Amino acid sequence: MNLQKKKKQHFVWRKYLRAWSENESVYCLMGGRIFKSGLMGVGQERYFYKLKELNETEMDFIKALIAQDKRPMIRDLNHGWIDFFNQVFKIKDLMESHGVSHPEADEMLDVLVHNFEEDFHGKIESDAIKFLEMLYRKDLSFYDDDDQLIEFLFFICQQYFRTQNINNNVREAVGSFKGFNVDGMWAVLRHTSATSVGFSLYQDRADFRPVLIENTSNIPFITGDQPIINTHAIGLSLEEVPSELEFYYPLTPRLALLMTNNPDLNRKGAMSIGEEKVIMYNKFIHSQAGKQVYSFERGALERLLNE
């Protein structure tokens, strides 16, 4: 086991960002300033995925949220996330209750607290490489294979819920719950959310379909530190809950994925768009980003500042 704590923990997949990079560097727009950065320096935060121990009240709160789902299988799966992310603390408590103290064991548990969720996301992404490569080839055949579709939808929902932006929005929205460790609870709830939404999309798979968007303009697609967005959330405040879901996911500067139940789009499979629509989708990404927006060319980001 690697006993080194990972300090820079990424919430945007570096392999995904390489589509916008040149020599492992991208242009980044942050705080009104455009600069060039290596991929290791963007879409990350120090110890972002460090686990926080939950108390009984916080676990009861999570269980109450899980209980609201009417689907028994999803309730069972989501209860499993509580145990999954609390197991390292159970081991620590067990050792302490028996008066066991061992420097190497203590160090190993400390590394697990810091690296466990980061490593888990790395496993999800490693398994999803095949889907990214299929999308680059404009191959959507996985969508009609149930096992592959379940895996793909779980990956997509994990990418949506794992980011700093979603984390900050949740913290702001529920910040009034004084005494609750919101960051600690969200470490579990982002996975229960991904499970619940992913399964809902699977249930609606006949109507919720993928559409590849080909960019025929001279303006590239951009991406951001919230690379997957719900287009129906554009313009809404944190207090407003979108009534519908449509995922937009830029894949490269020339290709994007739309997952939609819009009857005017969901049977197309693929469509081409020009400058006006590209600018619209780039504005969507910019508006939903937490802090950073990325491009392989500086001009695309300058255009955002000048609009």
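Is arginine 209 buried or exposed? Select arginine 209 in this predicted model: the residue is buried, with a relative accessible area of 18%. Buried here means under 20%.

**Stop 1**

**Stop 2**

Next, select aspartate 146 and arginine 205. The pair makes a salt bridge whose closest N and O atoms are 3.7 Å apart. Aspartate 146 is in helix α5 and arginine 205 is in the loop between α7 (182-203) and β5, so the contact ties together parts 59 residues apart in sequence. Aspartate 146 is partly exposed, at 37% relative accessibility, and arginine 205 is also partly exposed, with a relative accessible area of 29%.

Arginine 205 lies over the face of the tyrosine 202 ring, 4.0 Å from the ring centre. Arginine 205 therefore has two contacts to look at, the salt bridge with aspartate 146 and the ring of tyrosine 202, while its relative accessible area of 29% makes it partly exposed.

**Stop 2: arginine 162 and glutamate 125**

Which glutamate meets arginine 162 in a salt bridge? Select glutamate 125: its side chain and that of arginine 162 are 2.1 Å apart, N to O. Arginine 162 sits in the loop between α5 (146-161) and α6 (164-173), and glutamate 125 in helix α4 (residues 103-136); the pair links distant parts of the chain, 37 residues apart. Arginine 162 is buried, at 2% relative accessibility. Glutamate 125 is buried as well, at 8%.

To put these pairs in context, the structure has 14 salt bridges by the rule applied here.

**Stop 3: the aromatic cluster**

Now select Trp13, Phe131, Phe142, Tyr143, Phe152 and Phe155, which form one aromatic cluster. Across the whole structure, the search finds 26 aromatic pairs.

**Stop 5**

Select cysteine 28, then cysteine 157. Cysteine 28 is buried, at 0% relative accessibility. Cysteine 157 is also buried, with a relative accessible area of 0%. How many disulfides are there? The count is zero; a disulfide would need a pair of cysteine sulfur atoms within 2.5 Å.

**Stop 4: the largest cavity**

The structure holds two cavities of 30 Å³ or more. The largest cavity has about 60 Å³ of space. To display its lining, select Leu51, Lys52, Glu53, Leu54, Ile82, Phe85, Asn86, Phe89, Gly184, Ala187 and Val188.

Which helix supplies the largest share of this lining? Colour α3 (72-97) and α7, each of which gives at least two residues to the lining. The largest share is from α3, with four residues.

Technical notes:
Residues are numbered from 1 along each chain as its sequence is written. This is a predicted model: local features need pLDDT of at least 70, side-chain atom pairs count only at pLDDT 80 or more; totals for chains, interfaces and linings use all residues. Side-chain values use heavy atoms; hydrogens and water are left out. Buried means under 20% relative accessible area, exposed over 50%, partly exposed in between (1.4 Å probe, protein chains only). Rings of Phe, Tyr and Trp (its six-membered ring) pair if their centres lie within 6.5 Å; planes under 30 degrees apart count as stacked, over 60 as edge-to-face and the rest as tilted. A charge sits over a ring if NZ of Lys or CZ of Arg is within 6 Å of the ring centre and within 35 degrees of the ring normal. A salt bridge is a side-chain nitrogen of Lys or Arg within 4 Å of a carboxyl oxygen of Asp or Glu. On a 1 Å grid over the protein atoms alone, a cavity is a set of points where a 1.4 Å probe fits but cannot get out, and a pocket is an open set with protein on both sides within 12 Å along at least five of seven lines; lining residues have an atom within 4 Å of a point. Grid points are joined across faces, edges and corners, and a volume is the space filled by probe spheres set on the points.
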